[in-house]
Amino acid sequence: MKQRVITAIVALLIFIPVIIAGGYVIDFAAIVLGIIAMSEIFIMKKKMIISVEALTSFIGISCLIVPNNFSNFLPEYLSPTFIFYVLVMLLLLATVFSKNRFNFDDAGVYTLGMMYIGFGFHYFIVARQDGLTTLLYALFIVWCTDSGAYFIGKHFGKNKLAKHISPNKTWEGSIGGTVIATIVCTIYLYFFPISGINLIVMIGFTIILSIFGQLGDLVESALKRFYGVKDSGKILPGHGGILDRFDSLLFVLPVLHLLGIV
C-alpha cells in the first residue's frame with residue numbers, strides 16, 4: 001500500500017503540470033504514453049519490443065495520436081491516417097517474408113492495439129485542446145467511477161459483474177461508481193460548465209461515459225486474462241502499467257467525441 005501511495009503521488013506531481021500546460025507538452029506526453037502502452041501489448045504477447053514490427057507499430061500509433069493540425073506542413077496526400085494505413089500494409093507484407101516468425105494474427109493484434117490506444121490518446125489531446133475543463137471532466141468521471149465502485153463494491157457488493165474476467169467487480173460497485181461519478185461531475189459542471197451543452201444533457205452524458213469507462217476497464221481485464229498476466233506492465237510500481245491506469249480513459253475520451261462534447 002505504501003508503494004502504491006508513493007507512486008500515485010509522484011505520478012500526479014508529473015501528470016497535473018502536463019495537463020495544465022497543454023500544447024506541445026501534452027502532445028509529447030500523449031505520444032510517449034501511447035508508445036509505452038503499445039510496448040506493453042508486445043510484452044504481454046512475449047514479443048521483442050526491439051524489432052521492425054515494434055518500430056512500425058510505434059510509428060503507426062504516433063500517427064494516430066498526433067493532433068489534427070500536425071499534418072498542416074505535409075502534402076495533402078500524406079496525412080497521418082494515410083501513413084498509418086501504409087504502416088499496416090507493411091505489417092501485412094511482413095507476414096509474407098518472415099517465414100512464419102510474424103503471422104497474420106500478430107499483424108491483427110498490433111493493428112487493433114494501435115487503433116485502441118492511438119485513438120484514445122488522440123482524444124486525450126483533443127479534449128485538452130477543447131479546454132482544461134473538458135479534460136478534467138473526463139478524468140473526474142474515471143477517477144470517481146473507479147473509486148466509488150471500489151469502496152461501494154467492497155462494502156456492499158454481492159452480485160458479480162463479470163466473474164470470468166474480473167472476479168472482484170460487482171453490480172453494486174458498478175452502479176455505485178456511476179452514481180458517485182454523476183453526483184461529483186454534476187457539482188463540477190455547475191461551477192465549470194462546458195460551453196454550449198445544457199447541464200441536464202451533461203448529466204445524461206456523464207452516466208453514459210461512466211458506463212463506457214467501466215467497459216474499458218473490463219476490456220483491459222479480458223486482455224490481461226487472455227495473456228495470463230496480472231498487470232499490463234511494471235512502469236508504475238503498485239499500479240501496473242500504462243494500460244492499467246488509462247484503460248477506462250481510452251474508452252471515455254473517444255466517446256466524448258461521439259457525443260459531440262469535443
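A residue is taken as buried under 20% relative accessible area, as exposed over 50%, and as partly exposed in between. In the predicted model, tryptophan 143 has a relative accessibility of 37% and therefore counts as partly exposed. Phenylalanine 140 falls into the partly exposed class as well, at 25%.

The protein contains 9 helices and 2 strands, arranged along the sequence as α-α-α-α-α-α-β-β-α-α-α. The C-alpha trace spans about 55 × 45 × 30 Å along the principal axes. Buried residues account for 46% of the 262 residues. Of the contacts with a separation of 6 or more, 71% join residues 24 or more positions apart. The accessible surface amounts to about 14,200 Å², and carbon and sulfur atoms contribute 71% of it. There are 18 positive and 14 negative side chains, with the centres of the two sets 11 Å apart.

A pair of aromatic rings is described by the distance of the centres and the angle of the planes. The count of aromatic pairs in the protein is 15. Phenylalanine 102 and tyrosine 110 form a stacked pair, because their ring centres are 5.9 Å apart and their planes meet at 20°. Both phenylalanine 102 and tyrosine 110 are buried. The pair of phenylalanine 140 and tryptophan 143 is edge-to-face, with 6.2 Å between centres and 70° between planes. Ring pairs also join Phe15, Phe121, Phe124 and Phe246 into a cluster.

Key: Residues are numbered from 1 along each chain as its sequence is written. This is a predicted model: local features need pLDDT of at least 70, side-chain atom pairs count only at pLDDT 80 or more; totals for chains, interfaces and linings use all residues. Side-chain values use heavy atoms; hydrogens and water are left out. Helices (H or I, at least four residues) and strands (E, at least two) are DSSP runs, numbered from the N terminus. Buried means under 20% relative accessible area, exposed over 50%, partly exposed in between (1.4 Å probe, protein chains only). Contact means heavy atoms within 4.5 Å. Accessible areas come from the Shrake-Rupley method with a 1.4 Å probe; for residues, only the protein chains shown count as cover. Lys and Arg count as positive and Asp and Glu as negative; His and the chain ends are not counted. The place of a charge is taken as NZ of Lys, CZ of Arg, CG of Asp or CD of Glu. Rings of Phe, Tyr and Trp (its six-membered ring) pair if their centres lie within 6.5 Å; planes under 30 degrees apart count as stacked, over 60 as edge-to-face and the rest as tilted.
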